[in-house]
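Here is a short report on a predicted model. Please read it alongside the sequence and the structure.

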Amino acid sequence: MRAGERKWGGWRQPAAIAVAVAFLLPLWFMVSGSLREPGLPPPRAPELIPSPISTASYHEAFDLVDLALYTVNSLIVVALTVPLAVLVASLAGFAMLLVAGRARVVLVVFSFAALMIPVTALLVPRFTMFRWLGLIDTWVPLIAPALLGLSPFYVLLFYWSFRRLPLELFEAARLEGMSPFGMWRRLGMPLVRPVTIAVALLAFIASWGNFLEPLVYLFDPDLYTLPLGLRSLETLDRTNYPMLLAGAVVATAPVVFAFMIAQRYFLHEDRGAGWLGR
Amino acid sequence: MSRIALEGVRKRFGETTALDGVDLEARDGELLVVVGPSGCGKSTLLRCVAGLEAVDEGAIRIGDRDVTQLRPAARNISMVFQSYALFPHLTVRENIAFGLVVREESKQVVRERVAEASELVGVVDFLERRPYQLSGGERQRVALARALVRRPDAFLLDEPLSNLDAGTRVQMRTELRRLHREIGSTMVHVTHDQVEALTLGDRIAVLDAGRVRQVGTPDEVYGRPNDRFVAGFLGSPAMNFFGREAARRFYEIPKGTVLGVRPEHVRIGTHGLRTRVDLVEVAGSDAYVHLDRGLVARVPAHLRPDEGANVGAAFDRGAAHLFDEATGERREWQ
């Protein structure tokens, strides 16, 4: 371990900076591009800081389509979807841990199989189902997948994390008369917090950036989410790059912000060797 | 305080029989040590008593109650796990209080019992720490306190000392004995370590391949082993065994028997069978002398012979044991 650290020690920082630059540069150009005067074509050479700096593109973007409303709509959908997805996925993952032998294998295989099905393949059957239920043009089709944990991957992620915990912890709790729900709430969840945050973050990104499903299910512009708003911008003024980039900044900022909050928890969870009593 | 009794308990995992008709009783207030080699079913036995495994046949009684069909929490027993199974995200205090909190005891009761239990095992000074900040021995104490706090009918200890370093293990062994004397509850302690079994138990049950081979006090089990397995398993170095031909050099034994003699009963000196010293291992105050006829003797280290020396080896007939060659059962001298 220590030898490895020494070997990589000199490289780690430049490598980290290189990776950070590769990821930050497009973000930077997006922000700087959004601060150009509206209607200007893209600069011939990459422009780190535009001259003059102008926020007019933002005003224009918010005037042209109701970005504020779409942002609020997206926030509502995400606020309902993410907690529900985390709740269901973690409960399902924990249940998979508790069921015995063969049933567990069947559940894991079933989840894997479900994972292999592309979302687009489900689009038509789902649409038919939601239309039959009379739920088209509502947010329900956007939120409902969270009732299944949003993705089998999240369920499996929780299952694997719970399985990594020593079984004796749960047996000790059983001896004290704790219910399965109590074990999930008071032992399982506190011990897999980084996974919970990771799943919440992934669910947030998936839900926030979801373009296809709102496009299929929503017709009333008052219900549009932000990705549909961006498409409206593009439809209305296709060549106004500063304005399109202003819209992109509005759509990207919450994701970056969520990631910045989440990464603190990832880094703070390291409690060193013996954390799980091993 | 309650006795624990297993009556004809069988447990199978697929094709493997873990417990094969076990009849065993831990008397009221007794510290019973179940000892056996790895995979002999001793942990399964404990888990069946705890209710973590359902038995296929037979009955388990705690006190006067048949608990065979009861869920673990209804059996009112505490278990200490090999890995301690402390909850890593809770403080020592919260760990100890866990069972009481789950059972919704009042705050007053929780406070008093936690104070009492932590006092008893000596963890008062680190109640606010978390398990990962403790040494192995300290974790072990916390696990004991957690078991004590609920004042259960009986305690089950699953190899609680095996994860400790040698020094701490000896110290905790003594403390466990003291603790048992203080609280006087029935305890079933499972271990693969025969020294632990012999020093700790009021009585010992030797388990092999899911069957109880012998139950008795440490003196009985060590001094009068029921069969060849028990004789060979307990004692370090292991008992010497000779077939009829090899035994003839010392004593005539009946046909179809095997002679066994413990290394500490073999005398090295000028008398007896002439043999050469092959190897000498010194273990502190004792030395294990390997003779070239496959015989091992245990002698005080300061009296050990040199390697390569020619010595005489002898033992008293009364100190030797006879076992049936086919069944391994104990036979008496005629």
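Two residues are in contact if their C-beta atoms, placed from the backbone, lie within 7 Å. On that basis, the contact between the chains takes 19 residues from chain B and 20 residues from chain A. On the chain B side, helix H2(B) supplies the largest share, 3 residues. That side divides into 15 nonpolar, 3 polar and 1 charged.

**Chain B overall**

Chain B has 9 helices and 19 strands. Its C-alpha atoms fill a box of roughly 75 × 45 × 35 Å along the principal axes. Of its 334 residues, 43% count as buried. Among the chain B contacts with a separation of 6 or more, 64% join residues 24 or more positions apart.

| Helix pair | Angle | Axis distance |
|---|---|---|
| H2(B), residues 92-102, and H3(B), residues 107-121 | about 130 degrees | 10 Å |
| H4(B), residues 136-148, and H5(B), residues 166-183 | roughly 20 degrees | within 10 Å |

Take H2(B) and H3(B), whose axes meet at an angle of about 130 degrees. These two helices are therefore oblique to each other. H2(B) passes H3(B) in a right-handed crossing. From H2(B), the contact draws on B:Arg93, B:Ile96, B:Ala97, B:Leu100 and B:Val101. From H3(B) come B:Val109, B:Val110, B:Arg113, B:Val114, B:Ala117 and B:Ser118. By class, the residues of this contact are 8 nonpolar, 1 polar and 2 charged.

Now H4(B) and H5(B), which cross at roughly 20 degrees. Angles under 35 degrees count as roughly parallel, so H4(B) and H5(B) are roughly parallel to each other. H4(B) passes H5(B) in a right-handed crossing. Here B:Gly136, B:Gly137, B:Gln140 and B:Leu144 of H4(B) meet B:Thr168, B:Met172 and B:Leu179 of H5(B). The residues of this contact divide into 3 nonpolar, 4 polar and no charged.

**The nonpolar core**

In soluble globular proteins, nonpolar side chains tend to be buried together. The largest nonpolar core in this model holds 144 residues. Which of them touch the most other members? They are A:Tyr154, A:Phe158, B:Val34, B:Val49, B:Ala145, B:Leu156 and B:Val188. Helix H3 (residues 67-98) of chain A gives the largest share of this core, 11 residues.

Leaving aside neighbours within four places in sequence, B:Val188 is in contact with B:Ile4, B:Ala26, B:Leu32, B:Val34, B:Leu46, B:Val49 and B:Leu156.

**Two single residues**

B:Val215 sits in strand E10 (residues 211-216) of chain B. Why does B:Val215 count as partly exposed? A residue is buried if 20 or more other C-beta atoms lie within 10 Å of its own, and exposed if 12 or fewer do. B:Val215 has 19 C-beta neighbours inside 10 Å, so it counts as partly exposed. Not counting residues up to four places away in sequence, B:Val215 touches B:Leu24, B:Arg203 and B:Ala205. B:Pro225 lies 10 residues from B:Val215 along the chain, and their C-alpha atoms are separated by 9.6 Å.

A:Pro254 belongs to helix H13 (residues 241-268) of chain A. A:Pro254 counts as partly exposed because it has 17 C-beta neighbours inside 10 Å. A:Pro254 and A:Ala56 are 198 residues apart in sequence. In space they are 21 Å apart, C-alpha to C-alpha.

Methods: Residues numbered from 1 in each chain as written. Chains lettered and ligands numbered in written order. Predicted model: local features only at pLDDT ≥ 70, side-chain atom pairs only at ≥ 80, totals over all residues. Axes fitted to C-alpha atoms, helices over the stretch in contact; angles between N-to-C directions. Helix = DSSP H or I, 4+ residues; strand = E, 2+ residues; numbered from the N terminus. Parallel < 35°, antiparallel > 145°, perpendicular 65-115°, else oblique. Left-handed = near helix turned anticlockwise from the far one by under 90°. Nonpolar A, V, L, I, M, F, W, Y, C, P; charged D, E, K, R; others polar. Core = buried A, V, L, I, M, F, W, Y, C linked by C-beta atoms within 7 Å.
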